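Reader: I am new to this structure. Could you walk me through it?

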Amino acid sequence: MVDNVGEVQIIDEVQQVSSEEGVSGSNKRKIELRSFVWKHFSKLPGGLRAKCHYCRRSYAAHSNSGTSGLSTHLDRCKVRKKMKAENDAKQQTLVFKKGKGKDDGTAKVTHIGFNREACRMALVKMIIKDELPFRFVEAEGFLEFMETCCPKFEVPSRRTITRDILELYQNEKGLLKSILSANKQRVCITTDTWTSIQMSNFMVVTAHFIDEEWVLHKRILTFTPISNHKGDGIGKLIENCLIDWGIEKLFTITVDNASANTLAIAYVKKKLANWSGNSMVLNGLYMHVRCSAHIINLIVQDGLSQVSQSIASIRNAVKYVRSSPARLQKFKTCVDREKISRGGLMVLDVPTRWNSTYLMLEKAVAFEKAFERLKEDDGHYTNWFDEDESEKRRVGPPIDKDWENAKRLVKCLSIFYHVTLKFSSSLTVTSNNFLNEMWKVYIHLKSLVDSNDFLLNQMGYKMEEKFVKYWGHFFEKVNMLLIVANVLDPRCKLDFVIWCFSSLYDIRKVDELRANIKELLLKLLENYGGESNRNRGERCRAVHDGASSSVESFDPFTQFKKMKESSNDDISGKNDVEKYLSETCESASNPQFDILTWWKLNGPRYPILSQIAKDVLAIPVSTVASESAFSTGGRILDPFRSSLTHKTVESLICTQNWLRSTLLGECTIQPSQEEAEFYELVETDPNIELENA
């Protein structure tokens, strides 16, 4: 059977030639050629050799050699393979193509052709996105599946897949690097360190920026081994990362509160001071941003220390229920008999993560009656607490006091939990919400300190001490850029800041704060205005050079008009800051308000202030975006893939992040796996119960 139309045409031509070049003499007996290879070969005069229809080479074909050599060549013939690929691409098939969205039920009819290279690239991307082992391409089930659904595709080996992944990483990196360099993009970065299951230390650097279309982006720049967690070591890796990516402008670095990070930022500032004059803003005075989610964690951990016994008793009760299928089934029976809605399984917390402790207590409190019945119906339940664990008697079972403490704790921690979720988002702008969320925490702590409940009062004092340590009594330790971010929210401007601080300061102090914020905005305006003037000077020189070569194309009035349009002062003599602050705030009651869309539409009215807003609004208030890379790293560097090289690991993690985000200006950030699960739960459950996340 002939494979395709192209081959049929060649066969017809060669058969005609064969009839002319064939063995002459009608008296010779004709031998019937039955092998399939003769549809692709023609015998040459003499009958001892045959010519390939595609590459025109000849091969032995006498009776002693058989046709196995011809068949082998047919499988390897590069010309034939190329022709088959071209004809496969031309042969179109009608298919229904579904929408890209998960819930997009739309579909359209389209035509596609088979493309080997496209199939191979799709396989590489599947390995990266779905975190599959390289040996997956050699698995018996996958090979059988491909042989059935797409026999034309030759599945590459795992070694070839490895090379393709490294090549794709370099291509994607080059594309992103060229975009960042072309735009001379100023970036904010987050960084953190992690130790893998193989006890290897890694450091991740993630860039955050808003592009020319006012779309927020996050990109992992590097996931590299680090010899130690010392400040200079971290600082050198950040410096190397910036040089490698050609990033010349750095705005802020968001890190947790480890002392080594302070030294690392000092090292980076010292090195950047030797770079171009605009590598830092205001000499890096506001470069250091502390991770707000980490500070919240430290605040809450101090409060939890006051009720550690009650938490331990409930944790042990949950641990008992989850320790075997039989015990879990008994507990479910108790839940049914108490007429309690299950609403998901019990969750066991990770003691070092207070938010998981909050979720455990929230769920356990709802099942309090079921635990009481379990104590009555299961004789092993009470006896289990009499046993030793790590040479100590287990705490528990929980008594009424423990349950009361848990209820108060859940109510107390709810606000911290939801504030942490707001701070941890990397899908939306967070810097403009910092003041509002921090103020919620501050007011809540004040209410705890003033509470008549002794337990809450003691918790409040402990947590307030930690709050003051990192943010100050009057927020004097807060990075002022985060206050500026709130001012750059057109719903707030200076009004919200003044309203908040009026309850803390007297009028004189409030006026001083207002003056300090305006002064900082004007300094930023001057700094960015200088950059704008330099860029405009470069454009003018380019225009002047062009005018020298073509005087007729140079229009002085047109250039004057462009200069006025980009000037910082309007006809009234007000600069961008004065003009912005003097105008009415946007309505705060619009739930659909999008701050980036507002600045995209109104930015041309404030040409320099809009550039400031673009950088300030890109500041991440937490390091969660970088920490999420460690979740991916933990899945890739599992006990079964411990032999992967560091370069391969970096290629997998970075490329996955880049593939889940499209080209700049086309769409918003794609969520990580953890973020996607969270947002799905939010949509289905407004109370945001994450027991199964």
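Predicted model: local features only at pLDDT ≥ 70, side-chain atom pairs only at ≥ 80, totals over all residues.

Reader: What share of the residues is buried?
Author: Of the 693 residues in the protein, 45% are buried. The protein exposes about 36800 Å², and carbon and sulfur atoms supply 52% of that area.

Reader: Let us turn to strands. Which strands does β7 pair with?
Author: Strand β6 (residues 186-195) pairs with β7 in the antiparallel sense over eight bridges. β7 also pairs with strand β8 (residues 216-225), again antiparallel, over nine bridges.

Reader: Which residue of β7 is the bridge partner of Thr191?
Author: That partner is Val205. On the β8 side, Phe202 has Pro225 as its bridge partner.

Reader: And the turns, how many residues lie between the strands in the hairpin of β6 and β7?
Author: There are five, and Met199 takes a positive phi near 65° in that hairpin. The hairpin of β7 and β8 has five residues between its strands as well, with Trp214 at a positive phi near 60°.

Reader: Why is β7 largely enclosed?
Author: Nine of the ten residues of β7 (residues 201-210) are buried, so the rest of the structure largely encloses this strand.

Reader: New topic: how many disulfides are there?
Author: A search of the whole structure finds zero. For Cys241, the nearest cysteine sulfur belongs to Cys654 and is 8.9 Å away, whereas a disulfide requires sulfur atoms within 2.5 Å. Cys500 is in no disulfide either, the nearest cysteine sulfur being that of Cys492 at 8.5 Å.

Reader: Is Cys500 buried or exposed?
Author: Cys500 is buried, with a relative accessible area of 0%. Cys241 is buried too, at 4%.

Key. Residues numbered from 1 in each chain as written. Heavy atoms only, no water. Buried < 20%, exposed > 50% of the residue type's maximum accessible area, 1.4 Å probe, protein only. Areas by Shrake-Rupley, 256 points an atom, 1.4 Å probe, with all protein chains shown as cover. Helix = DSSP H or I, 4+ residues; strand = E, 2+ residues; numbered from the N terminus. Pairing = 2+ DSSP bridges.
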